[in-house]
Amino acid sequence: MAILGTINPVIMAGLDTGNADNWRLSAYLARGGYARLKKILAEKIPPEQIIAEIKASVLRGRGGAGFPTGLKWSFMPRSFPGDKYVVCNTDEGEPGTFKDRDILRFNPHAVIEGMAIGAYAIGANRGYNYIHGEIWEVYKQFEEALAEARAAGLIGQNIQGSSFGFELFAHHGYGAYICGEETALLESIEGKKGQPRFKPPFPASFGLYGKPTTINNTETFASIPFILNMGGEAFLNLGKPNNGGCKLFSVSGHVNRPGNYEIPLGTPFAKLLELCGGIRGGRKLKAVIPGGSSSPVLPADIIMDCTLDYDSISKAGSMLGSGAVIVMDETVCMVKALERLSFFYHEESCGQCTPCREGTGWLYQVLKRLENGAGRPDDLDLLLGVAGNIAGRTICALGDAAAMPVQSFVKHFRDEFLYHIEHKTCLVPKDVQWAGSGFHEGAA
């Protein structure tokens, strides 16, 4: 995938993605990089002022939850003695999501500068970027970018001759989807099995190595220098109220130009579809998963009336999530697509919680039976019952992530599931089905 289209870009502004060296420090400095960090340190700008500007931008976390970044930063106890940590979550493992790896591939110094500014604002002195285990080349390149920044005195002790010090390290994960959950990520950095912690206590009070910790997504940190350069209000005005700025959307599936698109929040979905060149082969749009595979699916007639922002997508019955837009045309069998998704969550469950460990397997087995022509009249009630007994009953949100697709697919495409049960075959003829069912090309 590549950065294919932008409207009023922020993170990708001025980037020549065709230049093999655009990610290097020299190129970032030429674009004005690290100017904001240097200004903050030279003028000793109060941390409270930085946090206030981030609050004014209404930057919402770009990893999926959409929690206000400035508010999250304000939770950190600055007076706490000893080490405090800032952690970047680049554990990008959800099907359909591939924006963070492109940020590190094309603009890693924006993340480094954003993390350094974040550390200054919350009083942290150490940081980690936890990078998904299946993007090894990106991890190696980020290590090179770190070395450049360290050699230039932009991270380390007494940065730019100031009294502020910040050590930053890259941590290579092992490709476990569960480590995208922030506390499982912390466990993994500590050398333990990646399993979520009970909350409370929350990371801001008891995080990495038991110290106060703030965790944000890659795209969130990469946005920080640009917000402070343009001003929080200007960033907010790029988007819409309660949905500040631009966002990267990873578009995969049945479009002519899959890839990453940075557009203002509040852009109509129809406009994004136009940027992607429309539906491949001139076929009809059938459904869209708007926020990564864990978000509820929306049929074409609903998504075409939506704008791409947290509030509009929520009102429509789904989530903006990570911004991974999976487009499915009329050749997709929705039962087959859901079976594949359920297999993923069954395989990726860490096994800590019984409803998730057992329930995800049951969901997959029932859907496998349905897809293979052995469906039973009570299977839909069984699917919804199992999903209902998983959702809200687990330590982390993976249980909900497995349950919500099942609930939404059955809700919006019930006739297709009933057809499988009654006719022992797909409503969409086998000879016109696309082999991937929407979850291979362009997906993670």
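Author: The side chains of glutamate 137 and lysine 140 meet in a salt bridge, with N and O 3.5 Å apart; the term stands for a side-chain nitrogen of Lys or Arg within 4 Å of a carboxyl oxygen of Asp or Glu. The two residues are three apart in helix H7, and therefore about one helical turn separates them. Glutamate 137 counts as exposed because its relative accessibility is 55%, while lysine 140, at 36%, counts as partly exposed (buried is under 20% relative accessible area, exposed over 50% and partly exposed in between, with a 1.4 Å probe and protein chains only).

All of this is read from a predicted model, in which local features need pLDDT of at least 70 and side-chain atom pairs count only at pLDDT 80 or more, whereas totals for chains, interfaces and linings use all residues. Residues are numbered from 1 along each chain as its sequence is written, and side-chain values use heavy atoms, with hydrogens and water left out.

Helix H7 itself covers residues 136-151, where helices are DSSP runs of H or I with at least four residues, strands are runs of E with at least two, and both are numbered from the N terminus. From its first C-alpha to its last, this helix of 16 residues reaches 23 Å, close to the expected 22 Å, a span defined as 1.5 Å times one less than the number of residues. After H7 comes glycine 153, which has a positive phi, near 75°.

Since arginine 24 lies in the loop between strand S1 (3-6) and H1, and glutamate 144 in helix H7, the pair ties together parts that are 120 residues apart in sequence. Arginine 24 has a relative accessibility of 27% and so counts as partly exposed, and glutamate 144, at 39%, counts as partly exposed too.

Other residues of the helix are covered: Val138, Tyr139, Gln141, Phe142, Ala145, Leu146, Glu148 and Ala149 are buried in H7. What these buried residues pack against is a set of helices and strands, namely H1 (25-30), H5 (100-106), H6 (108-122), S3 (126-131) and S4 (167-172), a contact being heavy atoms within 4.5 Å.

In H3, which runs over residues 47-57, the buried ones are Pro47, Ile50, Ile51, Ile54 and Ser57.

Stepping back to the salt bridges, the structure holds 26 of them. One of these joins glutamate 190 to arginine 197, with the closest N and O atoms 3.0 Å apart, and here both partners are buried. Elsewhere, Arg62, Lys99, Asp100, Glu219 and Lys247 are linked by salt bridges into a network.

As for the whole, the protein contains 18 helices and 12 strands, and 59% of its 444 residues count as buried.
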